[in-house]
Amino acid sequence: MTETVMLVLPQTVLGLLACLFILGASFGSIPRGSWNSWALLGLVAAGCTLHFLSDAVPLGGTTAVAVDSLSRGFQWGCLIIGALFVLMARESQAKSETAAEFHALVLLVICGMMLVSAANELILLFLGLELVSIPTYVLLYLDRRDYAAQEATTKYFLLSILSAALLLYGFAFVYGLTGTTHLSVARGILTDAYAVAPGLPPTGGSVLGVVALVLIFAGLGFKVAAVPFHFYAPDVYQGTTPFNAGLLAVAPKAAGFVAMIRVLSETMVGFEVPAERVAIILAMITMTGGNVLALLQTNVRRLLAYSSIAHAGYMLIGIAVGFWEAWNPQRSLGGETGLPGGISATLFYLFVYSLASAGLFAVLIYLPRPGRQIEHIDDLTGLGRTQPLLAIAAALFLFSMAGIPPLPGFWGKLSLFMGALNVRSAPDTLHYGFLALAIVGAINAAIGAAYYLRLVAIMFLQDPISVPQPSGGKPAFAAVLLAAALSLALSWPKPLLSYVNGIGERPGVVAAGDPDPPVYTTKVNKHRTEVGSP
Amino acid sequence: MEGVGLTEYLVVAGILFVSGVVCMATKRNAIGVLMGVELVLNGANVNFVAFSRYTKLGLDGQVISLFVIVLAAAEAAVALAIALNFYNNHLTIDVDRGDELKG
């Protein structure tokens, strides 16, 4: 019992702090500007507990909380991106009368994401996802109260709650199928029931399991904004503040993907074939839908919304490959069992995408003159002359999202697409589904480059219409620079790639023309030694 | 009445679920939509409790449904605040009246 509490200590720190904020806000003596510093301090404290816990707790076992390399890496990512977001809000919240509540809610969202990544139990997973969603509804409602904002809040709320209900209905079937809410126990039970010799196609499971699978995919599809569950995203991004739009582009998506990995990839043994098909189809339509619709947009936040949808599609490629690798460990070039290459690539891409998104939205927070937001893409005209440093940083994020080497977005796309190309239906035959997936992905990367480059062209090749009067404050500018520095550092992706991939070398994946390619590595699952029935 | 078993409960839960989704899709009134959500959540709850009761799986399912009931209450609180704010601006809670964002 105490051990389980210890395992979620970083989340507990954040949760308690959020409660203290809301309590403290009732006493007027605390200056409004200080909440931001307290929130940053809280994130640092959570980081310290995470760091010192790293070696202190036993791994594996059948606790409700899974502390493994996935959860730990994801939690560090949450804290870093979370700190960037808190920094961005510093100036705009300095005089806000709801500053305390605002920061409390942001901390709760981060806490929820960290809980989801560590959940080894359906209840905890579901509550973690809700801890991401419910504060987001309130955040959407706090900062902007005009007509458009209310419409955005209402839409997001109703669709998000429907997705939660779909997810819960799916969980009910998982529970009925396995008789446990404990994910690694469920995995053991499903392995006993459906396991076949590695490399043979799974027997297919049961109808109940497939229904659960589809419902969970639908529920999480809303969170990650996958087509056809995406339609709320553009309206909501447009109808809210840049900060909220940025948070929505990152937090629910990250939580949705990590939940997908926890509850589908790591649990649903025996259902890999239907899962793989669903993921391939979702990935294809999501990439294409997002990119094609993004081409038509003239509102910056709508454009970024469709771009975030397209990126969810790319990440679904990794999820699909992950399902295939789960029952084909010896055929994939990655070899070994455990956290498969497809999923590692998704995690890498998730971090890279979050960084670029956070940076871009920080630009949108910093740039506008008081009382007016950046709406039309022409508002960015000539930024290269009026705000050179900011424009260069923005171009860096856009290039990274477009996948231009050597920026991290390129390495992310490369590992995702190579993962799909490495799939074999027989030892020497390409798998046509995955081949098509990789081709559609590559075409989409080209379509995506079109609208990212159009933005860059508007910033650098056109004469400025007016001189901007940035009102976002120095902290937002610092957040832009920090995100840009991190993105640049990740242009040397080997440390992070080998972190997500685990240990071991993986020859054979070398980018043509790259003088010093990163070494792709296989992964050995060290942390999950005791998976199975208790 | 013999023969009321797991299947019957699952059918009831399925009906609740479908009614909820249909309700969410067709209702114009924000509160009506919210009631649809409650139906879907309760459909899932019935499933959990039925699985828990009829397949001797222990109390996990019932614990989940308790959590979900509390969660639904929390969501209803936020939902009512949002609906109230919507009403203050639009003087109606007809969700179709929020139609400014398009593209």
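The structure is a predicted model, in which local features need pLDDT of at least 70, side-chain atom pairs count only at pLDDT 80 or more, and totals for chains, interfaces and linings use all residues. Residues are numbered from 1 along each chain as its sequence is written, chains are lettered from A and ligands numbered from 1 in the order in which they are written, and side-chain values use heavy atoms, with hydrogens and water left out.

Over all chains, 5 salt bridges were found; the term stands for a side-chain nitrogen of Lys or Arg within 4 Å of a carboxyl oxygen of Asp or Glu. One of them joins A:E151 to A:K155, with 2.9 Å from N to O. These two residues sit 4 residues apart in helix 8 (residues 147-178) of chain A, so about one helical turn separates them. Helices here are DSSP runs (H or I, at least four residues), numbered from the N terminus. A:E151 is buried at 3% relative accessible area, while A:K155 is partly exposed at 24%. Buried means under 20%, exposed over 50%, and partly exposed in between (1.4 Å probe, protein chains only). Both residues also belong to a network of salt bridges that links A:E151, A:K155, A:D235 and A:R302.

Another salt bridge pairs A:R301 with A:E375, whose closest N and O atoms are 3.4 Å apart. A:R301 lies in helix 14 (residues 300-327) and A:E375 in the loop between helix 15 (341-366) and helix 16 (383-386) of chain A, so the pair ties together parts 74 residues apart in sequence. A:R301 is buried, at 0%, whereas A:E375 is partly exposed, at 28%.
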